[in-house]
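Please examine the sequence and the model shown below before reading further.

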Amino acid sequence: IAEIQRNPSETAIIIAAEIIDLFENSSINATFSTCVIESFREEMVSSSRVTANCSFQNVSTMETINREKVYATFSEKTDDISSLGPYILENSSLYVNDFTVQPNVNEPPIVPEQNTPNNKEIPGSIVQPITTVAVPIDLTNDINYNVTFIIASLPIAEIQRNPSETAIIIAAEIIDLFENSSINATFSTCVIESFREEMVSSSRVTANCSFQNVSTMEPINREEVYAIFSEKTDDISSLGPYILENSSLYVNDFTVQPNVNE
């Protein structure tokens, strides 16, 4: 975990790219959208647990993707859960929405009885996470904030042509924003969780941004995250090459409405 903490955003992007490549070159690539890294957790001195959130589209003309199929594809493409690109995996560590298969083939699959309401499939023109690879529990002591905003110049149809690349580009812009801000000392990373169509030419983005709990520093709150995002995007007007709707920013449900006197 110490190696990850030296550059968590870069490590997250590299590992996400490996998982994206895995699914894009699999038998379920037609419905695959993207994967983002949600968290890292230390397991032992030399190993870390990764939680990724992977999205698949609901395509009415194709067979529905389920967690068993995602597990089997990941297992097959990582040579029985042994390697992912340059990384060595522990072959009994894979979970997909609580589903796992233990190494002993005489034992039935372990399927813990847990509710996962956030992983239900959502129809329509939404690119939404429906599958989590690894144990779906809180894996870090980080403070996480959902940052949502509308990009006025990005139609959902354009996103759907290459959702993984779009997610990486937007995440990189947000990461750069916070890394070059007054709260960069506690900032960890941001990942794109979903895109949702707002109007024909605009899309709502939901990002999950993590900040470390540093005992020697004042805790970060949602108002501060909002203020930094607003300041660094020129009053919520632009994020890199993207035009933003300036009344669309929410941080954990917190927002500031435009001047009511105008």
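This is a predicted model: local features need pLDDT of at least 70, side-chain atom pairs count only at pLDDT 80 or more; totals for chains, interfaces and linings use all residues.

Residues are numbered from 1 along each chain as its sequence is written, and side-chain values use heavy atoms, with hydrogens and water left out.

The protein chain contains 6 helices and 12 strands; helices (H or I, at least four residues) and strands (E, at least two) are DSSP runs, numbered from the N terminus. Of its 262 residues, 44% count as buried. Here buried means under 20% relative accessible area, exposed means over 50%, and partly exposed lies in between (1.4 Å probe, protein chains only).

A search of the whole structure finds 2 disulfides, a disulfide being a pair of cysteine sulfur atoms within 2.5 Å. One of them joins Cys35 to Cys54, with an S to S distance of 2.0 Å. Cys35 belongs to strand E1 (residues 32–44) and Cys54 to strand E2 (residues 47–56), 19 residues apart. Cys35 is buried, because its relative accessible area is 2%, and Cys54 is buried at 0%.

The other disulfide is formed by Cys190 and Cys209, whose sulfur atoms are 2.0 Å apart. Since Cys190 lies in strand E8 (residues 187–199) and Cys209 in strand E9 (residues 202–211), the pair ties together parts that are 19 residues apart in sequence. Cys190 is buried, with a relative accessible area of 3%, and Cys209 counts as buried at 0%.

How do helices H2 and H3 pack? Helix H2 (residues 8–24) and helix H3 (residues 67–77) meet at an angle of about 105 degrees, with their axes 10 Å apart. Axes are lines fitted to C-alpha atoms, for helices over the stretch in contact, and angles run from 0 to 180 degrees between N-to-C directions. H2 and H3 are therefore roughly perpendicular to each other, a term for angles of 65 to 115 degrees. Ile19, Leu22 and Phe23 in H2 meet Val70, Thr73, Phe74 and Lys77 in H3, where contact means heavy atoms within 4.5 Å.

Finally, Pro86 is found in the loop between strand E3 (83–84) and strand E4 (87–88). Pro86 is exposed, because its relative accessible area is 62%. Although Pro86 and Glu18 are 68 residues apart in sequence, their C-alpha atoms are 9.1 Å apart in space.

Conventions. Angles under 35 degrees count as roughly parallel, over 145 as roughly antiparallel, 65 to 115 as roughly perpendicular and the rest as oblique.
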